[in-house]
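Subject: Structure for your files, with notes

Hello,

Please find the structure below. My notes on what was found in it follow.

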2 protein chains.
Amino acid sequence: MTTTITPVILCGGAGTRLWPLSRRDHPKQFAAIVGQGSLFQQAALRLAQPGFAPPVLVTNADFRFTVTQQLAEVGVDPGPVLLEPEGRNTAAALLAATIAVAAADPDALVLAVPSDHRIADDAAFRASVRRAEPAARAGRIVTFGIRPDRPETGFGYLHPDGPLTARGAPLRRFVEKPARAEAEAMLASGVFLWNAGILLFRARVMVEAFRRHAPHILDRVKAAMATARADLGFLRLGEAPWRDCEDVSVDYAVLEKAGNLWVTAHDGDWSDLGGWDAVRRLSPADGRGVTTEGGAHAFDCRDTYLRVEGSDQRLVALGLDNVVAVAMPDAVLIASRDRTGELGPIVAKLRADGVAQADSFPRERRPWGYFETLTQGEGFRVKRIVVDPGASLSLQSHVHRAENWVVVTGTARVTIGTEERLVEQNGSVFIPQGARHRLSNPGERPMELIEVQTGSYLGEDDIIRYADDYARCPAGLTA
Amino acid sequence: MTTTITPVILCGGAGTRLWPLSRRDHPKQFAAIVGQGSLFQQAALRLAQPGFAPPVLVTNADFRFTVTQQLAEVGVDPGPVLLEPEGRNTAAALLAATIAVAAADPDALVLAVPSDHRIADDAAFRASVRRAEPAARAGRIVTFGIRPDRPETGFGYLHPDGPLTARGAPLRRFVEKPARAEAEAMLASGVFLWNAGILLFRARVMVEAFRRHAPHILDRVKAAMATARADLGFLRLGEAPWRDCEDVSVDYAVLEKAGNLWVTAHDGDWSDLGGWDAVRRLSPADGRGVTTEGGAHAFDCRDTYLRVEGSDQRLVALGLDNVVAVAMPDAVLIASRDRTGELGPIVAKLRADGVAQADSFPRERRPWGYFETLTQGEGFRVKRIVVDPGASLSLQSHVHRAENWVVVTGTARVTIGTEERLVEQNGSVFIPQGARHRLSNPGERPMELIEVQTGSYLGEDDIIRYADDYARCPAGLTA
């Protein structure tokens, strides 16, 4: 008998170890790093299969429209989307999602997965989950282990208690990220597995584990769920109790203290994409160990990873050895390959120095589509704006700027004051300072326009909203 | 007594050794590499002094407006500007300019200088020229030598015939670019000097040298001068004889055979900026040999040169050793420092592969100002256009595209068909497909607008010109 499994996808993280592709405003899970689509889309599609319920999502409020937009792109219907007022690590997020599942069925099987790892063989992964199912149904919390092929010091390890069957084995203990010698010994032993950070369990079993080992977190998360408010299909967790939650991983808060753990091996490929060297390892290289992606050209290089993200950008590398370079039009990373693990503090340093590229991504997603700034100068700014089919920006006005729109793809419906009209390709519209206006895409395909703003102040916060399809007035996100 | 010296500035070259900053369409001499302004502007200002006539310029027709615009920016009035139908190396270019000078005064002193070298101390350089003057007046062709401080294999050397006085000494011979051992021996000797490629001579002496040693070049250049036509203040050399000229350096064609040579030492700083390593040598570095320019950030690097040209672009370098990296929004170079001399063939390879960045520069200069492409997509292109005060684009039309203009700085005068009007900041204008139109800047400051083109074909060659202030109709440059 196959039980329906409810996936919980944790997608609130904001790592910088893949900067400049991953930034605070556009973290790794929403970027196309390897494979088709974003890592989050891959994670969702992997479990959008018979036998799996719609996924429960936990994310940061800033990413809520990214989540729904990316799911819509790949045709996956989400279950509840829980919005964290701020990041509180995996313990609180996982527990909130589990409580949401338990409310409907305390015995439901929950599969909690990160959204920013790479698993190429989806069917093999689902098969591993099914092999783990009996242990989870029997009240175990199942961890998933990957057979190591190198003495990796960047991962935690799992120590099975006795020989692994297809279904797995009890888990003896977790091993923290090891030193090199210990990693080599574990690799040689043939016993230890990498901890993939994936869990399968009955909802009530996880809640019970929190009750025993982290009751303070259970209290706060319950309170945050009790004070959550529904908002456009999202569930905003209660702010005060959430902020009061301990910022801790589920491994540390609960699992390392629990006695009912299990480990099942997943024998397929897996990567946590924890840095550019991990990405490089998954990318096809030539005979000299050189990978070129996008508009990259390598001349006489060795063991070097070159990646260009700009659609009209080129990178020429000459005589490099052991280098990772990633180019975007606004930001370029060049690092010695064995130093890419140090990016976190470096991005923090850029942030402290006020470098916008530390956190901001050139393309900003909105519930109705996205925009990017093409150029800006004294008193003006030029944006490219793409509106999804059927979507509308808010009815809004600006105190300090006027706007000129030129439609370049599709048809726009434009309302200015009380007048509404359709604007075709190459049609233009002037929005005077202070005028109430609204932009919609009545068509079946994305509508694209160039916006030229002029004025004494051009900040995103110069916006007054009168009506919005996305409940963003009076306060909230811009545009 | 001080004689007036006529500078000849050769500025037709198109090197790629400083790619991506120097490209075919925007060569090194017109770029701001080191110091204030472009190297060409520095060369012109160096000699815009009492005792020097307005410079005679020899350049490629493609760069004629760049030359005049850059001179205007620094307030230098040019003498004759000779336009080469195509590059023919230094022999023909130098001779053409010399003939132009000789036409007015065969005994005039000519100082021929490259436009892409760096000399920081202008006064010291002029003093060196004045010390060389007596030899030149006495009928010598004076070369200028730099005292070497390293065994450079990338330069030619000068071998003085006997001890150098302040005025110099006869030149015994030229030494071609040496092998390393020979360069070290010459450095150790204390006798040899680097050939700076600068010449001082009487006009009739140089013409006579060509008559004796390269009469075929003299014939063709005379014919090209005789069939030259004046065009908006430029002198376009006759095409047929010019193309028939030998493509050879003046050193090889004439100087190595001449007996009346002289060498005067210039003791100040000098660099040919022949590659990124030469640029690096002129740039201030920290205690670990690291230079960062523009938005570059170095973390734990050594002996590394990092340069960012994009005004809103950042480069992060981590753990690099002996690397040169130059970032522009559309092109990035990363090279091992000791390999930067190999850029020429690499850019040729990019060109052969159809990479636009090999030759095209994002900002294109026109006689009326410049434009740059901000973005392009299926059926549209967005440009930023800057028109100089008082300048006008041609009266033109396009068969395949319509245009929308939004003025962001200044005031535009726009003619469409028979209607003329002024358009202020944030005003917009629609130019239908096929409509005759003209754009001017009637103001005192640069006028800037955003142009959105839409149509099935958006090439620069879709232009019909009816009238042009720069004599570009019916054929010629675009816009």
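Buried area here is the accessible area, taken with a 1.4 Å probe, that two parts lose on being put together, summed over both. The size of an interface is often given in this way. Please keep in mind that this is a predicted model.

Chain B against chain A

By that definition, about 4,300 Å² is buried between chain B and chain A, and carbon and sulfur atoms give 64% of this area. Three residues, B:L318, B:I334 and B:N426, supply 17% of the area that chain B buries against chain A, more than any other three residues. The contact involves 53 residues from chain B and 53 residues from chain A.

On the polar side, 22 residue pairs are in polar contact across the interface of chain B and chain A, counting pairs with both residues at pLDDT 80 or more. Two salt bridges are counted between the chains. B:D300 makes a salt bridge with A:R339, and their closest N and O atoms are 2.6 Å apart.

Inside chain A

Chain A is assigned domain 1 (5-266), domain 2 (284-352) and domain 3 (363-467). The C-alpha centres of domain 1 and domain 2 of chain A are 30 Å apart. How many residues of each domain are in contact with the other? Eight residues of domain 1 of chain A touch 13 residues of domain 2 of chain A.

Between them, domain 1 and domain 2 of chain A bury about 970 Å², with 64% of that on carbon and sulfur atoms. One salt bridge is counted between these two domains of chain A. The side chains of A:R23 and A:D330 also meet in a salt bridge, at 2.9 Å from N to O. Polar contact between domain 1 and domain 2 of chain A comes to three residue pairs, both residues being at pLDDT 80 or more.

A strand pair in chain B

Strand β23 of chain B (residues 412-416) pairs with β26(B) in the antiparallel sense, over four bridges. Within this pairing, B:R438 in β26(B) is the bridge partner of B:T415.

In a regular strand the side chains alternate between the two faces of the sheet. Strand β26 of chain B covers residues 437-440; B:H437 and B:L439 point one way from the strand, while B:R438 and B:S440 point the other way. Are these residues buried or exposed? All of B:H437, B:R438, B:L439 and B:S440 are buried.

Regards

Notes:
Residues numbered from 1 in each chain as written. Chains lettered and ligands numbered in written order. Predicted model: local features only at pLDDT ≥ 70, side-chain atom pairs only at ≥ 80, totals over all residues. Heavy atoms only, no water. Buried < 20%, exposed > 50% of the residue type's maximum accessible area, 1.4 Å probe, protein only. Helix = DSSP H or I, 4+ residues; strand = E, 2+ residues; numbered from the N terminus. Pairing = 2+ DSSP bridges. Domains from an automatic or database assignment. Contact = heavy atoms within 4.5 Å. Salt bridge = Lys/Arg side-chain N within 4 Å of Asp/Glu carboxyl O. Polar contact = N/O pair within 3.5 Å; in protein donor to acceptor, adjacent residues only side chain to side chain.
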